[in-house]
Amino acid sequence: MAQYELLLPKMGESVAEATVIKWAKQPGDAVEVDDIVLEIATDKVDSEVPSPVSGKLVRQLFKEDEVAQVGDILAIIEIEAEVTSAPVKQEETEDDLPADLPPLNDIPGVKAVSERFYSPLVKSIAAEENISNEELDHIPGSGSEGRLTKDDLLSYIRQRQGSQVQHNKNIQEDIPVLNTSAEAPVRAPVSTSLSAGEEIIEMDRMRKLIADHMVMSKQTSPHVTSFVEADVTNMVLWREKVKKTFEQREKEKITFTPLFIEAVTKAIKDYPMINVTVNGSQIVRKRDINIGMAAALPSGNLIVPVIKNADQFNLVGLTKSVNDLALRARASKLKPDETQNGTFTLTNIGSFGNVMGTPIINQPQVAILAVGAIKKKPAVLETEFGDVIAIRHMMYLSLSYDHRVVDGALGGSFVRRVADYLENWDIEREI
């Protein structure tokens with residue numbers, strides 16, 4: 001009898017770890033090829049780990065809610081045939097790091113060699129916060145074998161920042177302290193008294209991740225929001241004209257979302273400094289245009305699948321990609337890599353009847369666009385015979401952007417350009 005080591009597979013360039021959330025097979029259970037052995041969760045999406053071999057599960061090496069790193073051995077499967085063992089996890093190299101991060105030897109304050117294992121994400125956060133390797137080694141970890149997870153490090157940063165802010169306040173009480181860190185001081189939890197009939201609902205795992213991500217975003221980026229009202233009458237009439245023929249031909253429904261995404265990709269090409277990230281004092285301009293589209297799940301939580309290289313799709317391709325990702329997002333069938341490496345996010349708040357909003361930036365991006373509900377409204381039109389009032393299809397676009405690197409002129413011009421592409425829609429366009 002031989003033993004097969006089931007490893008945590010690589011799930012995308014920027015995914016370094018995952019949490020075991022449920023074991024589908026228990027020790028002693030028979031396992032067939034492609035049977036689901038366990039379910040895991042990254043910081044963006046849940047996924048399943050199938051078995052590539054047939055045999056019997058003899059050992060689980062991680063408990064539920066424990067964090068495993070990419071390449072860790074998750075389980076041992078006993079098999080009859082002699083096969084080559086699963087590849088052993090190699091030492092991390094610069095090729096294994098997320099594309100957005102600097103090489104290990106370029107990260108200040110973090111030594112390239114350490115006896116304790118740190119994921120690329122942890123190393124990146126440590127570099128941004130000027131945390132030395134010696135300091136990292138003294139931070140307690142909650143992961144497997146005491147490994148330091150992202151949440152452990154962020155919690156430590158919050159506590160450290162809180163102590164620093166209090167120290168500054170004691171020194172100079174009357175001078176406001178500018179918090180330039182990615183994390184704000186930890187505040188003592190507010191004591192809440194319950195009245196009759198009130199209920200305490202514990203956040204689920206995904207809601208906790210969303211909450212942490214939203215708070216981190218607001219503390220990282222000074223948010224500014226610009227608004228534009230757009231007359232999208234031609235676009236609405238065009239879609240109404242083509243939607244039946246399109247569905248018959250392509251077996252797909254055409255919604256407004258791919259139309260919005262196409263306009264966004266065109267505007268990004270006109271204003272490429274919207275398609276950037278911030279790395280300390282550096283601005284990293286992205287080559288690819290990867291559009292995330294925020295999608296509400298049946299549970300009420302939010303997920304953002306990403307259309308990679310969206311500018312290279314025609315409208316048919318965008319429509320099929322949007323429909324496929326939205327369908328699999330609602331069914332929890334997205335792959336981890338399909339929520340990674342977005343460079344700009346679109347959220348359609350109009351689907352809830354909202355006309356405008358102030359969306360929170362999806363870090364490490366620097367801008368997010370909310371599109372509101374399309375409403376019929378009276379509007380003034382300029383004609384060769386003078387101004388007239390007509391009923392038009394109007395909508396608001398709301399762009400939130402990181403004022404560290406996106407000034408009002410750039411943010412305002414960009415959202416105006418998106419509106420221009422929507423307003424100037426060719427009603428005779430062939431698809």
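Begin by selecting N130, which counts as exposed at 60% relative accessibility (exposed means over 50% relative accessible area, buried under 20% and partly exposed in between, with a 1.4 Å probe and protein chains only). This is a predicted model, in which local features need pLDDT of at least 70 and side-chain atom pairs count only at pLDDT 80 or more, while totals for chains, interfaces and linings use all residues. Residues are numbered from 1 along each chain as its sequence is written, and side-chain values use heavy atoms, with hydrogens and water left out.

**Backbone exceptions**

N130 lies in the loop between α1 (120-128) and α2 (133-137). Helices (H or I, at least four residues) and strands (E, at least two) are DSSP runs, numbered from the N terminus. Although N130 is not a glycine, its phi is positive, at about 55 degrees. Most residues other than glycine have a negative phi, and most peptide bonds are trans.

Select K251 next, in the loop between α5 (233-250) and α6. K251, too, is a residue other than glycine with a positive phi, here near 60 degrees. With a relative accessible area of 66%, K251 is exposed.

Then move to Q363 and P364, which are joined by a cis peptide bond with an omega of about 5 degrees. P364 is placed in the loop between β16 (344-348) and β17 (367-371).

**The whole chain**

Zoom out to view the chain, whose secondary structure comes to 8 helices and 19 strands. Of its 431 residues, 43% count as buried. Contact means heavy atoms within 4.5 Å. Among contacts between residues at least 6 apart in sequence, 62% join residues at least 24 apart.

**Helix α6**

Select residues 257-270, which form helix α6. How many of the 14 residues of α6 are buried? The number is 11, so α6 is largely enclosed by the rest of the structure. The buried residues include T257, P258, L259 and F260. The end C-alpha atoms of α6 are 20 Å apart, which agrees with the 20 Å that its 14 residues should span at 1.5 Å a residue; the expected span is 1.5 Å times one less than the number of residues.

**α6 against α8**

Axes are lines fitted to C-alpha atoms, for helices over the stretch in contact, and angles run from 0 to 180 degrees between N-to-C directions. The two helices α6 and α8 are therefore oblique to each other (under 35 degrees counts as roughly parallel, over 145 as roughly antiparallel, 65 to 115 as roughly perpendicular and the rest as oblique). To inspect the contact, display L259, F260, A263, V264, K266, A267, I268 and D270 in α6 together with F414, R417, V418, Y421 and L422 in α8. By class, this contact of α6 with α8 has 10 nonpolar, no polar and 3 charged residues (Ala, Val, Leu, Ile, Met, Phe, Trp, Tyr, Cys and Pro count as nonpolar, Asp, Glu, Lys and Arg as charged, and the others, Gly among them, as polar).

**Along α8**

Stay with α8 and colour its buried residues: L410, G411, F414, V415, V418, A419 and L422. They pack against β9 (223-231), α5, α6, β16, β17 and β19 (386-402).

Now pick S413, also in helix α8. At 30% relative accessibility, S413 counts as partly exposed. Leaving aside its neighbours within four places in sequence, S413 is in contact with Y271 and G408.

Select T257, P258, L259, I261 and E262 in α6, which meet L315, L318, T319 and V322 in α7. By class, the contact of α6 with α7 has 6 nonpolar, 2 polar and 1 charged residues. The axes of α6 and α7 are 9 Å apart, at an angle of about 120 degrees.

Finally, show α5 with helix α7 (residues 315-330), whose axes come within 13 Å and cross at roughly 75 degrees. Helices α5 and α7 are therefore roughly perpendicular to each other. W238, F246, R249 and E250 of α5 make this contact with L315, V316, T319 and K320 of α7.
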